[in-house]
Amino acid sequence: MSSFVRDWYQYYNIAIFDSIDSTNEEAKRIANTGNSGNYVIWAKSQTKGRGRSGNSWYSPKGNIYLSILLRPDFEVSKLSQLPFLVAVALGKTIKKFIPADKGLTYKWPNDILIEGKKAAGILIESSLTNNNVNWLVIGVGINLCDEPDLKNYLSTSLIKEGAKIPTIDMFVHELMQSFQFYLLQWTKEGFEDIRKEWLKNSIPKGAVITAKYTGNRVSGTFEGIDDKGNLQMQLSNNQTIMISSGEVFYSTKQFTE
Ligand code: BTN
């Protein structure tokens with residue numbers, strides 16, 4: 001990591017909870033008090049952890065639940081690139097701790113898989129006024145020691161995949177340092193390097209996927225992401241479609257709904 005990134009904690013207030021409803025909710029409460037600082041909110045467990053698409057997020061003690069509250073200074077149109085920045089920062093961090101032969105892949109829009117099973121997820125929420133982002137909450141959940149047993153996709157934990165993590169604090173420090181590095185890189189140089197890095201470790205191009213979006217469900221092949229982070233998917237009639245938000249299921253093994 002380049003030395004131009006100063007230590008992340010210089011930029012944030014830090015709040016640590018033993019247990020809380022949801023770190024994303026706490027971040028939003030702080031944002032709505034009119035308080036203007038950046039925050040990192042870290043809870044050891046959550047009682048109402050939230051995932052994407054209205055799902056709950058399994059949140060026992062032992063895993064990591066973190067929300068980053070930012071008051072960004074960028075156009076709303078760039079928000080769609082952010083999940084990829086966070087995924088790459090998280091993926092790079094996880095790779096430092098798991099055995100080198102374990103496959104880490106990014107699944108659109110922002111899941112981290114190890115050996116094809118979900119190990120971490122990202123939930124980004126924001127408040128917008130016209131073209132301004134008032135606040136941004138980046139919630140990250142990492143299955144460190146424990147994972148849920150869900151019916152519609154396979155999960156794993158870092159420890160189950162053989163990760164050696166000296167302390168949780170060290171993992172959080174590495175993650176935040178990595179996030180700050182990519183945030184700075186993105187601000188200075190734009191999305192392209194992050195897009196390339198994400199694609200290097202994404203599920204393979206040509207992989208058969210099923211996408212659920214705005215009430216539709218289609219199957220086709222994964223063809224990459226464009227410069228806004230939209231999913232490019234090819235249907236059986238050779239038509240390529242772009243999807244800006246939704247859920248992707250990869251391989252029949254993981255999709256049992
Ligand atoms: C997903 O569905 O993949 C996203 C999961 C995001 C979970 C994290 S845990 C920390 C933060 N607080 C929450 O309630 N959710 C996010």
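Is Tyr9 buried, partly exposed or exposed? Hi everyone, let's start there. Tyr9 counts as partly exposed, because its relative accessible area is 42%; buried means under 20%, exposed over 50%, and partly exposed in between, with a 1.4 Å probe and protein chains only.

A quick word on the model. It's a predicted one, where local features need pLDDT of at least 70 and side-chain atom pairs count only at pLDDT 80 or more, while totals for chains, interfaces and linings use all residues. Residues are numbered from 1 along each chain as its sequence is written, and side-chain values use heavy atoms, leaving out hydrogens and water.

Back to Tyr9: you'll find it in the segment before strand E1 (13-17). Strands are DSSP runs of at least two residues, helices (H or I) of at least four, numbered from the N terminus.

Now for Asn24, which sits in helix H1, residues 23-32. Asn24 is buried, because its relative accessible area is 4%. Its side chain makes polar contacts with the side chains of Ser67, at 2.6 Å, and Glu125, at 2.7 Å. A polar contact is a pair of N or O atoms within 3.5 Å; within protein, one must be able to donate a hydrogen and the other to accept it, and residues adjacent in sequence count only if both atoms are side-chain atoms.

Finally, the ligand. A polar side-chain atom of Thr23 lies 3.1 Å from a ligand nitrogen, and a backbone N or O atom of Arg50 lies 2.7 Å from a ligand nitrogen. Lys118 has a polar side-chain atom 2.6 Å from a ligand oxygen. Thanks, everyone!
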